[in-house]
Amino acid sequence: METLGQLEALCERLFNSQDPVERAVAESTLQCFSINAEYISQCQYILDNSTSPYAQLLASSSLLKQVTERTLSLQLRLDIRNYIVGYLASKCQELQSFVATSLIQLLCRVTKLGWFDDGQFRDIVKEAMKFLNQVTVEHFYIGLKILNQLIAEMHQANPGLPLTHHRKTACSFRDLALLQVFQISLTSLRQLQNDASGEKLQEQAIGLALKCLSFDFVGTSLDESSEDIGTIQIPSSWRAIVEDVKTVQIFFDYYAITKPPISSESLECLVRLASVRRSLFSGETERSKYLISFMRGTRDILQYQQGLGQHENYHEYCRLLGRLKTNYQLSELVNVEIYGDWIRLVAEFTMKSLESWQWASGSVYYLLGLWSRLVSSVAYLKSDCPSLLDDYVPQITESYIKSRFDSVQAVVDKKISEDPLEHREQLQDQLDSLPYLCRFQYEKTSSYIIDRLEPVLEAYTNAGRFSTSKTSSDLTCVEGQLTWLIHIIGGIIRGRQSSSTSSEIHEVIDGDLAARVFQLIQVMDSGVHIEARYNERSKQRLDLAILIFFQNFRRVYVGDQAMHSSKQLYLRLGELVGLQDHVVVLNIIVQKIATNLKRYRQSDEVIGETLALFQELAAGYMSGKMLLKLDAVNFILGHHTKDFFPFLDEFGSTRNRTLFYFTLGRLLFMEDSPSKFKAFVAPLQKVFMMLEEMADSGFRSNEVKCAIIGLMRDLRGLTMATNSRRTYGLVFDWLYPTHVSLFVRIIQRWTDTPEVMTPLLKFMAEFVLNKTQRLAFDSSSPNGILLFREVSKVIVAYGTIILSQPVSADPYTYLYKGIWITLTILTRALAGNYVNFGVFELYGDQALSSALEIALKMSLAIPLVDVLAFRKLARAYFGLLEVLCHNHTAVIVNLETEAFAHIVGSLEFGLKSLDVSISSQCASAVDSLAGFYFSKITTGESRASTEAVNMTRHLSQCPNIFLEILKTLFELVLLEDCANQWSLSRPMLSLILISEQIYSNLRAQLLSSQPSDQQHRLAECFDKLMADVARTIEPKNRDKFTQNLTVFRHEFRAT
């Protein structure tokens, strides 16, 4: 680039070209501006002399990257800061918006990074004020934009900047400048209030106020106005400005005179102001005045229907109403003079919103939350003023139910494309609040629900009796209405756990509602129409609602303790539907589970939820024992084949088979009965025999493929259920030695098919996992060794074939996934502590060496960038390296230098992983290697051994390999907010003790990278690091080093 014109042309291509190659060439040519500090002056030249906005953007973005990623001198940063301020002041009227935004971001970034370095950086608000005091609109706009960007910069952590440093800067900014900025925003809003042409400025001013109120005041790094956080911790210095009624009123005024987004952001500011902490106020009088201003403002909005036709306004207004009850007690609300008008208008608004459910579906959650919190507080209301909730809450509940029925009819009539029942999260949010409303006037509400339910239930029952009584759309409508009512009743039953009322009358009402659900269950899977309904989405949703009802009912009313405390409910159920106790109810639940598993073939969702409920029932010891007494459960245990449960024959449901057999296995193993186990696995035994007898010519058929996939998933589920020596022994003795040879045969024929390999390998990974010490074989038993030999055969067979396959366009599915599962198998087998691996070398058995060799080949065959890109692959890869470096160090050390360097280099990358488990695994692996070097070579114990010679050779060819790792560890501990400092400290001592020269070189590098005025203090910190630390790697000495490192880290960061 010889001229400014050429550079401008390149910038034009960089930002505007549609040709990716042309853009890449331009980016490569221009990147010198962002990576070389010598080009900083060139960036200034471009800004001074170029009129091209793209060249100006290049200069600005390059300076931003230089400031962020490089350590620049204080004077240079001050020069950049002062230059940008002057540049914006002189040229703001000429700059394109995106250039001004980039320059402002640069100014705020250099301000934040230099906040503690010089007082000029902390004068940024004064600089912004100079812009605001200018006469031009452009200067005023830039001033507001600087303050907006400044808060955003202070609020957001920067990559490469330790979180503690970010919080320290943010807290200092909060204490020194944030209140002033908020005052500026309020002053600006008042100045602009009557300026009809200043919409752009109003948007900046309201945005500035919102950013101030959204600031992370206490370092939670969360949205403090969310429903999870009750209050915003505004500092006490803000008391006067918050208590001033004009502060709240300005936002209500702006809401009244503007349109979205300004009006909606005004409401958002009010949401945050409504959430300020109680202790901020001088006294209850001030807090009461504050509440009155909110209630009056929200009442006026409803009274005059201001702006609620815009969805953004409507949504934020609902949030504001919800926040009022979150931060104020009902007793405080009812004591306000205008409470009667306010609660009436809010109730009318809520009912109108429920009638307009299609438009307001996302906001109903806040309204229901408001009313649920109101009724929950009635029990604690001591005021003489009436709450008036008795009048409004039943109406709101009835409006909600009616609106749900209306939504069903709208879906059937195709007036809407999306069914609200399909929005599971939104549905759950509403059902979390609704039980409080329903139980408030429970007798009245339950009567209404029963009145709505009984005619629908009767229509559904009649549809099963008479084939022509209902059309398909009529049935869809009935099923939709039933689904809503079942969801509501299920939510009400669940609300019993948190209900403050424990009267027996509530139990009776629960029984009345539950009885209707059990009546429905008796007829919903019978009738002339039923077979055609299982493929209908409305029937599937109804069954899903029934499953949720079962879960809620079981948690509240099933179990020995629940039975004794719920006599009135079971008396009522006995009167209405003949269900006298929880065992009978449990049998109904299991029968419904069996029915779903029989009738649904292709609805993966219903099958999955049904199995989840079944597994939940079987998970508890007492409930599991209770299940074994039921005929329905014993039927399932004795007939778990595709003939009885067709979903087992569906390829799309194969994932569900694992959970099915896991649950059955849990129930099966609750009884110590080898004969029952043998009878249970008989169907699986037939599949084994079929596959073993199958000729090679037919082994690649689709029938065999499906049989293998199903069998492997079944075996994995069954093995997952074993949690003791006894139960695992039953499975092991069944499979070994009779059937294990089939696994290698399958691998040899199906390696190229991930659908087959993944279930098989995952079964093997479960089979070798020694959880709860279930693989504790007798001391005289060779089973551990025999098991590993079979594992070795599987690993070698799969690895040998998969490495010879051509690379696929989808390497993860066809290569990496199988490899990471295989590495997991080997890792679990090596770390299971049930095999004496010395036996293999002693007797010349190649099982161990072959498995390790092929595993390392597979590991080295994957590019490191891909290892790091796939989380599961990375965990398996580094998990194996940890085990090998710790228990089989010689295997790693005896590799070729190139392979050794690759593995150790990958450990360095793994240390930097954001996944703490991977980082800790790599630290452990490095510690094992460094400890090996220290004990074998540094201390001179075994320098002549083959392993020591190989290690010495590796380090002679790669002399900086340990230095780089130690440097990385220091950077992580000192500069990053690592959650595993203890784990990272362990290899650091081992690496330091290997060679004093390595440590000395690293110390010199770190000191030279720091400012000269800090180097002496840091040198003293380094001296303290090794104080009282001996040249050993004993645990006590390691602990002393870790303590010193913690102190060193704090002192280093304090500088």
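Which residues does UniProt list for "domain: Importin N-terminal"?

View 1. The unreviewed UniProt entry lists residues 26–90 under "domain: Importin N-terminal". The structure shown in this and the following views is a predicted model.

**View 2. Helices α1 and α2.** Helix α1 covers residues 4–16 and helix α2 covers residues 20–30. Their axes are 8 Å apart, and the two helices pack at an angle of about 130°. Because of that angle, α1 is oblique to α2. The crossing of the two helices is left-handed. On the α1 side, the contact is formed by Leu7, Leu10, Cys11, Arg13 and Leu14. They meet Glu22, Arg23, Ala26, Glu27, Thr29 and Leu30 of α2. Sorted by class, the contact of α1 with α2 has 6 nonpolar, 1 polar and 4 charged residues.

**View 3. A cis peptide bond between two prolines.** Pro260 and Pro261 are joined by a peptide bond that is cis, with omega at about 5°. Pro261 sits in the loop that runs between α13 (245–257) and α14 (262–273).

**View 4. Gln305 and its backbone angle.** Gln305 is a residue other than glycine, yet its phi is positive, near 50°. Its place in the chain is the loop between α15 (284–304) and α16 (311–327).

**View 5. An aromatic pair, Tyr661 with Phe680.** How many aromatic pairs does the structure hold? There are 50 aromatic pairs in the structure, and one of them is formed by Tyr661 and Phe680. A pair of aromatic rings is described by how far apart the centres are and by the angle of the planes. For Tyr661 and Phe680, the centres are 6.1 Å apart and the planes are at 70° to each other. This pair is edge-to-face, because planes over 60 degrees apart are counted that way. Tyr661 belongs to helix α34 (residues 654–668), while Phe680 belongs to helix α35 (residues 674–680). The two residues are 19 residues apart, and their pairing links distant parts of the chain.

View 6. The peptide bond leading from Tyr736 to Pro737 is cis, and its omega is near 0°. Pro737 lies in the loop between α38 (725–735) and α39. Helix α39 spans residues 741–750, and helix α41 spans residues 783–804. The axes of these two helices come within 9 Å and cross at roughly 5°. It is because of this angle that α39 is roughly parallel to α41. Phe743, Val744, Ile747 and Gln748 of α39 touch Lys793, Val794, Ala797, Tyr798 and Ile801 of α41. The contact of α39 with α41 is made up of 7 nonpolar, 1 polar and 1 charged residues.

**View 7. Helices α42 and α46.** Helix α42 (residues 811–831) and helix α46 (residues 871–887) have axes that come within 9 Å and cross at roughly 30°. The crossing is left-handed. Residues of α42 in the contact include Tyr812, Tyr816, Trp820 and Leu823. From α46, the contact residues include Lys872, Leu873, Ala876 and Tyr877. By class, the contact of α42 with α46 has 13 nonpolar, 4 polar and 1 charged residues.

Terms used:
Residues numbered from 1 in each chain as written. Predicted model: local features only at pLDDT ≥ 70, side-chain atom pairs only at ≥ 80, totals over all residues. Heavy atoms only, no water. UniProt positions renumbered as here; feature names shortened; annotations may be inferred. Axes fitted to C-alpha atoms, helices over the stretch in contact; angles between N-to-C directions. Helix = DSSP H or I, 4+ residues; strand = E, 2+ residues; numbered from the N terminus. Parallel < 35°, antiparallel > 145°, perpendicular 65-115°, else oblique. Left-handed = near helix turned anticlockwise from the far one by under 90°. Contact = heavy atoms within 4.5 Å. Nonpolar A, V, L, I, M, F, W, Y, C, P; charged D, E, K, R; others polar. Phe/Tyr/Trp six-rings, centres within 6.5 Å; stacked < 30°, edge-to-face > 60°.
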